[in-house]
Amino acid sequence: MLNLLLGAIAVFALAAAAYVHHELPGRVPNIRHLRVARIVLLSTGIAFGWVMARLYGVLTELNIVLVFVTSIGIVHVPAAAILFVKSWSVDER
């Protein structure tokens, strides 16, 4: 049952990650900044996913891969929220 709930959270989190990586090219000034932003987001997500999978995947009955994927997506949620709020801005480029 917990894996089903975690799967639903993973779908939401991965949708946020897809939204961030789709919106970033229109929000950063050049390709170098885009590359840095993506590397930071993905490396932070992988590090957080590895820690969470080691902690919760081993100590609980949760699926380790699902914990890892969900954690990568969760890292992208604040960036998605910021980009979503910035999309309401009247003064866009």
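**Exercise 1. Determine the handedness of the crossing of α1 and α2, then describe how the two helices lie.**

Solution. α1 passes α2 in a right-handed crossing. A crossing is right-handed if the near helix is turned clockwise from the far one by less than a right angle, and left-handed if anticlockwise. The model is predicted: local features need pLDDT of at least 70, side-chain atom pairs count only at pLDDT 80 or more, and totals for chains, interfaces and linings use all residues. Residues are numbered from 1 along each chain as its sequence is written, and side-chain values use heavy atoms, with hydrogens and water left out.

Next, place the helices. Helix α1 covers residues 2-27 and helix α2 covers residues 31-59. Helices are DSSP runs (H or I, at least four residues), numbered from the N terminus. The two axes come within 10 Å and cross at roughly 160°. Axes are lines fitted to C-alpha atoms, for helices over the stretch in contact; angles run from 0 to 180 degrees between N-to-C directions. The crossing angle therefore makes α1 roughly antiparallel to α2. The cut-offs: under 35 degrees is roughly parallel, over 145 roughly antiparallel, 65 to 115 roughly perpendicular, the rest oblique.

Last, list the contact (heavy atoms within 4.5 Å). From α1 come V20, H21, L24 and P25; from α2 come L34, A37, R38, L41 and L42. By class, that gives 7 nonpolar, 1 polar and 1 charged residues. Ala, Val, Leu, Ile, Met, Phe, Trp, Tyr, Cys and Pro count as nonpolar, Asp, Glu, Lys and Arg as charged, and the others, Gly among them, as polar.

**Exercise 2. Describe how α1 packs with α3.**

Solution. Helix α3 spans residues 64-86. Its axis and that of α1 come within 6 Å and cross at roughly 45°. So α1 is oblique to α3. This crossing is left-handed. The contact of α1 with α3 holds 20 nonpolar, 6 polar and 3 charged residues.

**Exercise 3. Find the contacts of L14.**

Solution. L14 lies in helix α1. Set aside its neighbours within four places in sequence: L14 then touches V69 and G73. L14 and V69 are 55 residues apart in sequence, but 7.9 Å apart in space, C-alpha to C-alpha. L14 is partly exposed, because its relative accessible area is 37%. Buried means under 20%, exposed over 50%, partly exposed in between (1.4 Å probe, protein chains only).

**Exercise 4. Classify the aromatic pair.**

Solution. The structure holds 1 such pair. F84 and W88 form it, 5.3 Å centre to centre, with 65° between the planes: edge-to-face. Rings of Phe, Tyr and Trp (its six-membered ring) pair if their centres lie within 6.5 Å; planes under 30 degrees apart are stacked, over 60 edge-to-face, the rest tilted. F84 is partly exposed at 43%; W88 is exposed at 60%.
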